[in-house]
Amino acid sequence: MKKMISAVMTVIILAMVFAGCGKKAEETASIRLGGLKGPTSMGMVKLLDDAENGKSKSKIEFTMSGSADELTPKLLKGDLDILAVPANLGAILYNNSEGAVQFLAVNTLGVIYIVEKGGQTVSGWEDLKGKTIYATGKGSTPEYALNYLLEQNGLDPETDVTVEWKSEPAEVVAQMAAQESAIAMLPQPFVTVAGSQIEGLNVALDLTEEWKALDNGSQFITAGLVVRKEFAEKYPEQLKQFLEEYKASTEYVNDNLEDAAALVEKYDIVKAAVAQKAIPYCNIVYMDGSGMETAMKGYLQVLYDQNPASVGGELPGDDFYYEGK
């Protein structure tokens, strides 16, 4: 009898040891995080710096890229756990992976502005009628956002304005610099860059504020965090900790411009001088839960109505939106 009790106690103790090891593994495993150059990654720089210096609870292996095409295959193959991507790309990944990707949080609202050189003739959408707008992003979310806002403000994108599409923002800046007067649609931080190069450039319309003024429940969203569903289910506590620290990082970036700008340069996103001026206009946020889900559903619906392919062919199911545990 004593031998049997001893054997049972041994099994119980071993089970407790292995259970403890499993919990410890969840707390200490590194999160493989990916980000793109630009506002999409600016909000995470404080967390990256803290992790690098052993000041965060989350352990992070960070990969930066200038193109989402370089990082999304790594997420789908399991080489990355969390990725900051354009919001609609999150929906595309969900649809292309049969629901293997979930949307964690919005991290950047709209970063696109209508800017003007050579006077202040544009104070509202009606002032764009008959004008030429230089822009980038044809066939993607900038075009869909512009069309949507034009239509919501009584203008026909096909007949009331002329949009000259360029391949990259630098071309738009060069075009404006060469003309006495011009109107363009540009994202941050290129608005800041253009302002330093072009005398008399002013912001005419903030597309994020213009979208908000419609008061229809949706918001203009640039980017957010997506996670492999397998990782989220396996490491819920670790993911919760990461999101708390990520949120704190976005708050730090918005409240400490000079120090945050230095970190933005450290992680090779943009130069500190540009970042310090641009951050207040990059709409860096942290939005999760029901607020995130409502805003995203409205935004994705707008994109879907203009081009179903922009969200992967169909709107994501409710399981696309991570609820936490």
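Select D49 to begin: D49 is buried, with a relative accessible area of 15%. Here buried stands for under 20% relative accessible area, exposed for over 50%, and partly exposed for values in between (1.4 Å probe, protein chains only).

The model is predicted: local features need pLDDT of at least 70 and side-chain atom pairs count only at pLDDT 80 or more, while totals for chains, interfaces and linings use all residues. Residues are numbered from 1 along each chain as its sequence is written, and side-chain values use heavy atoms, with hydrogens and water left out.

**Stop 1: the partner of D49**

D49 and K266 form a salt bridge, and their closest N and O atoms are 2.5 Å apart. A salt bridge is a side-chain nitrogen of Lys or Arg within 4 Å of a carboxyl oxygen of Asp or Glu; by this rule there are 11 salt bridges. D49 belongs to helix α3 (residues 45-52) and K266 to helix α12 (residues 257-266), so the pair ties together parts that are 217 residues apart in sequence. Helices (H or I, at least four residues) and strands (E, at least two) are DSSP runs, numbered from the N terminus. K266 is partly exposed, at 41% relative accessible area.

**Stop 2: the six-stranded sheet**

Next, select β2, β1, β3, β10, β4 and β11. In this order they make an open sheet of six strands with mixed pairing. Two strands pair if DSSP finds at least two bridges between them. The edge strands, β2 (60-65) and β11 (284-287), each pair on one side only. Within the sheet, β4 (residues 101-109) and β10 (residues 221-228) pair in the antiparallel sense over seven bridges. Which residue of β10 is the bridge partner of Q102? The partner is V227.

Contact means heavy atoms within 4.5 Å.

**Stop 3**

Select D81 and R228. Their salt bridge has its closest N and O atoms 2.5 Å apart. D81 lies in the loop between α4 and β3, and R228 in strand β10, 147 residues apart. D81 counts as buried at 2% relative accessibility, as does R228 at 11%.

**Stop 4: helix α5**

Move to residues 87-96. Nine of the 10 residues of helix α5 are buried, so the helix is largely enclosed by the rest of the structure. Among the buried ones are L89, I92 and Y94. The cover over the buried residues includes α4 (68-77), β3, β4, α6 (141-152), β10 and α14 (289-306). Just after α5, E98 has a positive phi of about 55°.

**Stop 5: the five-stranded sheet**

Finally, select β7, β6, β8, β5 and β9, which in this order form an open sheet of five strands with mixed pairing. β7 (162-166) and β9 (202-206) stand at the edges with a single partner strand each, so one side of each has no neighbour in the sheet. β5 (residues 112-117) and β8 (residues 182-187) pair in the antiparallel sense over six bridges, and I114 has M185 as its bridge partner in β8.
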